[in-house]
Amino acid sequence: GADPVAASPVSQPTQRVRGEMPSVGALFPGMGRSLAWLPDNSLLAVPLCTALEGTRIQFLLPNGDQHGSCALSTEALEVLDVRWSSGNSVHLAVMAVLLRAGGSGVFARLYCRSNYQWTLKLQLSPPSGLLALCWQPRGHPLLLHALSASALRSYHL
């Protein structure tokens, strides 16, 4: 079945909050538990997983319209976290776990966008799995930090 998603503003109709979506409702089968606004609040990343299409990130405009997607896998993944880089809209980090017996634990993938096409740039699969991801907030927008059970590593991209 499809999971309904709806977003409604919490402010008065005459006030606008950055990153706010007007009241919209749509059915997104297999919607994940993580959402991420682009730093300028112009695009929302929503993970979706369906048997027919596999796992992807669907992008929504502030008015609720769909604006492309990024295919992650033909296999079922549970997306645990989605993070945009702090400095631009061309880098997206996704932390996920494979949903099948013998899955390889929690991993992260970094995707880059060029001409509205998303490509896999890097996959992080530490043996101890990943606990958290974060982008450097200022000064180094292409510095990604990954925390595993055994280490904190930083990746300059």
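Me: Which residues have side chains joined by a polar contact of 3.4 Å?

Reply: A polar contact is a pair of N or O atoms within 3.5 Å; within protein, one must be able to donate a hydrogen and the other to accept it, and residues adjacent in sequence count only if both atoms are side-chain atoms. Here the side chains of R56 and Q58 are joined in this way, at 3.4 Å. The side chain of R56 also makes a polar contact with that of E53, at 2.6 Å. Before we go on, note that this is a predicted model, in which local features need pLDDT of at least 70 and side-chain atom pairs count only at pLDDT 80 or more, while totals for chains, interfaces and linings use all residues. Residues are numbered from 1 along each chain as its sequence is written, and side-chain values use heavy atoms, with hydrogens and water left out.

Me: Where does R56 lie, and which residues does R56 touch beyond four places in sequence?

Reply: Strands are DSSP runs of E with at least two residues, helices are runs of H or I with at least four, and both are numbered from the N terminus. R56 lies in strand β5. Contact means heavy atoms within 4.5 Å. Leaving out residues up to four places away, R56 touches V46, P47, L48, S69, C70, A71 and L72.

Me: How many salt bridges does the structure hold, and which residues form them?

Reply: Side chains of opposite charge can pair when their charged atoms come close. The criterion is a side-chain nitrogen of Lys or Arg within 4 Å of a carboxyl oxygen of Asp or Glu. The structure holds 2 salt bridges. E53 pairs with R56, with the closest N and O atoms 2.6 Å apart, and R83 pairs with D81, where that distance is 2.8 Å.

Me: Which residues have the most contacts inside the largest nonpolar core?

Reply: In soluble globular proteins, nonpolar side chains tend to be buried together. A nonpolar core is a set of buried Ala, Val, Leu, Ile, Met, Phe, Trp, Tyr and Cys residues joined through side-chain atoms within 4.5 Å. The largest one has 19 residues, and I57, F59, L72, W84 and L92 have the most contacts inside it. At least two of its residues come from each of β5 (54–60), β6 (66–73), β7 (77–84), β8 (91–98) and β9. A second, separate core has 12 residues, including V97, L124, L133 and L144.

Me: Which strand pairs with β9, and in which sense?

Reply: Two strands pair if DSSP finds at least two bridges between them. Strand β9 (residues 106–114) pairs with strand β10 (residues 117–124) in the antiparallel sense, over 7 bridges. A108 has L124 in β10 as its bridge partner. The two strands form a hairpin with 2 residues between them, and N115 in the turn has a positive phi of about 50 degrees.

Me: How many helices and strands does the chain have?

Reply: The chain comes to 0 helices and 13 strands. Of its 157 residues, 37% count as buried.

Conventions
Buried means under 20% relative accessible area, exposed over 50%, partly exposed in between (1.4 Å probe, protein chains only).
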